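Please look over the sequence and the structure before reading on.

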Amino acid sequence: RAGLFAAVMLGTCTRFLVTGCRAGFDAPMTFWTTAAFWAFLRGFPLHGPADARSSRWQAAGFALAGVAVITKGVGAVLFLLGITAALLALRDREGWRRVAWGPGLLALTAVLAAWILPVALCAPPDYVEGLLFRQTVTRAFDPWTHLRPWHYYLGRLPLNFLPWTPVLGIAVWLGARTLLRPADPDRRGLVVLLAVLASTFVFFSVLPAKRDLYLVPALPWLSLWAGWGTMKALEGEGGAGLRATLGLVLGAAALAGAALWAWPHLPGPSRPGLGVGEVTVEVLGVLAWPARGIGALLIAGAAAGALALRHGRSGVALCVFALALVPAWNVYRAAVRPPLASLDSGRDLAARIERWSDDGDAVLAYGPYDEGVPYYLGRPVEPASDPERVAERLRGSPRVLVVTTRTGEAELRAALPAASLVEVDAAVMDG
C-alpha cells in the first residue's frame with residue numbers, strides 16, 4: 001500500500017510531471033539511480049555475510065549506477081553517497097563488510113569502461129574533454145550559470161512536490177514517532193530511506209549551480225516517505241490528521257479550479273495578465289478555453305475526492321484526485337504550454353548571440369536581460385553595470401558583443417565616443 005500511494009504521488013507531483021514530459025537526461029538518470037538502489041537493497045543482507053545471491057544483486061545495483069553515470073554523470077555519486085549515509089545512519093559496523101565492494105566496483109568499472117574507452121579512442125580530444133570534464137566536474141563545481149545560494153532547495157523542494165506537500169506533514173510526524181521507538185519494525189527501513197533522501201538533498205545543495213530539475217532523483221524517496229506516512233495513517237495512527245490534510249488539498253484544488261474557470265470571464269483591465277504588448281493579448285485569448293478545461297477537471301477531481309473522504313475512504317480520495325490531475329496536466333501541455341513558450345525570449349536571444357559571436361568573444365549584458373540566455377548559449381554572459389566595465393573589456397578583448405536596450409545603447413555611445421560600436425542585430429524581445 002505504501003508503494004501504491006508513493007507511485008500515485010510521485011507520478012502526479014509538479015516537478016515529476018514537468019521533467020517526465022521533457023526530452024532531458026534527468027528523468028532517465030533518476031530511473032537508473034533508483035533502480036540501482038532497489039537492486040542493492042534487495043541484495044543487502046540484514047544479518048550475516050553476503051552470499052553469492054546477495055552479491056549478484058548488489059553488483060547489479062553498482063552496474064545500474066554505472067548506466068546512470070552514462071546517462072548523466074552524478075548517478076554513481078548519488079548511489080555511493082546514499083549507501084554511505086545509510087550505513088552511517090544505521091550505526092552498523094558490520095554492515096560495511098556485508099557490502100559486496102569487490103564485485104560491485106568491478107561491475108561499475110566494467111560498465112563505465114564500455115562507454116569511456118570507445119569515446120576516448122574514436123572521438124576528437126575536444127569532445128572527450130567536454131564530455132568527461134566540462135559537462136561533469138566543471139559544470140558541477142565551477143558552473144557558468146544557474147548560480148544559487150546553498151539554501152535554495154529548502155524552499156523549492158516543497159513547491160516541486162505539490163500538491164502532495166501537506167501529506168509530508170503526516171509523514172514527518174509519524175516518522176519522528178517511529179525513530180524514537182527502537183523496537184518499531186519500520187524503524188530500520190525508515191532510517192535508510194531518510195539517509196538516502198538527506199544525502200541526495202545535501203549533495204545538490206552543496207553544488208553552486210541549482211535548478212529545480214536537479215532535485216528529481218530525490219522525489220522517489222520523498223514519495224516513499226509520504227506513501228509510508230499515508231499507509232500508517234490509514235492503519236490508525238494519524239487517520240484524523242490525514243483526512244484533514246487531504247481535505248485541505250482538495251479544498252485548495254477546488255478554489256484553484258474555480259479561479260481558472262472564472263478567469264476568462266473577468267473584464268479585460270482587471271484580468272490577471274502575463275505581461276504587456278500585442279503578443280501577450282493574443283496569448284491570453286488562446287488560453288481562455290484551456291483554462292476553463294483545467295478548472296473543470298480540478299473541480300471534478302476535488303468533488304470526487306471529497307465524496308470518498310466523506311465516506312471515510314482517504315486512500316480512495318487521494319487516488320481519485322490524482323487521476324484528475326493527469327488529464328489536467330495533458331491539457332496544460334497541449335494547449336497552454338506552447339503559447340506561454342512563445343513569450344520566452346531566452347532561446348531566441350541566445351541563438352542571435354551565437355550567430356554574431358565566436359567562442360573567443362566576450363559577451364556582456366549591459367542592463368537587464370533574460371537569465372536563461374547562458375543556459376541556452378552554453379557559456380557565461382557577463383553582467384556590466386556601468387560603461388566603464390564595458391570599456392575595460394574592450395581594452396582586453398579584440399571584440400565584445402553587448403546585449404542591451406535602446407536606452408543602454410545611447411548611454412554606451414555617449415560614454416564611449418572613441419569606441420567602435422556597431423549594431424549587428426536590432427531584434428526587439430521583451431523590451
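Which residues in H5 meet which residues in H11?

## Contact between H5 and H11

The model discussed here is predicted. On the H5 side, the residues that take part are Val77, Leu78, Leu81, Gly82, Ala85, Ala86, Ala89 and Leu90. In H11 they meet Arg188, Val191, Val192, Ala195, Val196, Ser199, Thr200, Phe203 and Phe204. Sorted by class, this contact of H5 with H11 comprises 13 nonpolar, three polar and one charged residues.

Two packed helices are described by the angle between their axes and the distance between the axes. For H5 and H11, the angle is about 135° and the axes lie 8 Å apart. The two helices are therefore oblique to each other, and H5 passes H11 in a right-handed crossing.

## Helix H3 and its cover

Helix H3 covers residues 26-43.

The buried residues of H3 are Asp26, Met29, Thr30, Thr33, Ala35, Ala36, Phe37, Ala39, Phe40 and Gly43. Their cover includes helices H2 (14-20), H4 (52-71), H5 (75-90), H11 (187-206) and H12 (219-234).

Tyr214 is placed in the loop between H11 and H12. Tyr214 counts as buried because its relative accessibility is 12%, and buried means under 20%.

Along the chain, Tyr214 and Asp26 are 188 residues apart, yet 7.1 Å separates their C-alpha atoms. Asp26 is itself one of the buried residues of H3.

Note on methods:
Residues are numbered from 1 along each chain as its sequence is written. This is a predicted model: local features need pLDDT of at least 70, side-chain atom pairs count only at pLDDT 80 or more; totals for chains, interfaces and linings use all residues. Side-chain values use heavy atoms; hydrogens and water are left out. Helices (H or I, at least four residues) and strands (E, at least two) are DSSP runs, numbered from the N terminus. The expected span of a helix is 1.5 Å times one less than its number of residues. Buried means under 20% relative accessible area, exposed over 50%, partly exposed in between (1.4 Å probe, protein chains only). Contact means heavy atoms within 4.5 Å. Axes are lines fitted to C-alpha atoms, for helices over the stretch in contact, and angles run from 0 to 180 degrees between N-to-C directions. Angles under 35 degrees count as roughly parallel, over 145 as roughly antiparallel, 65 to 115 as roughly perpendicular and the rest as oblique. A crossing is left-handed if the near helix is turned anticlockwise from the far one by less than a right angle, and right-handed if clockwise. Ala, Val, Leu, Ile, Met, Phe, Trp, Tyr, Cys and Pro count as nonpolar, Asp, Glu, Lys and Arg as charged, and the others, Gly among them, as polar.
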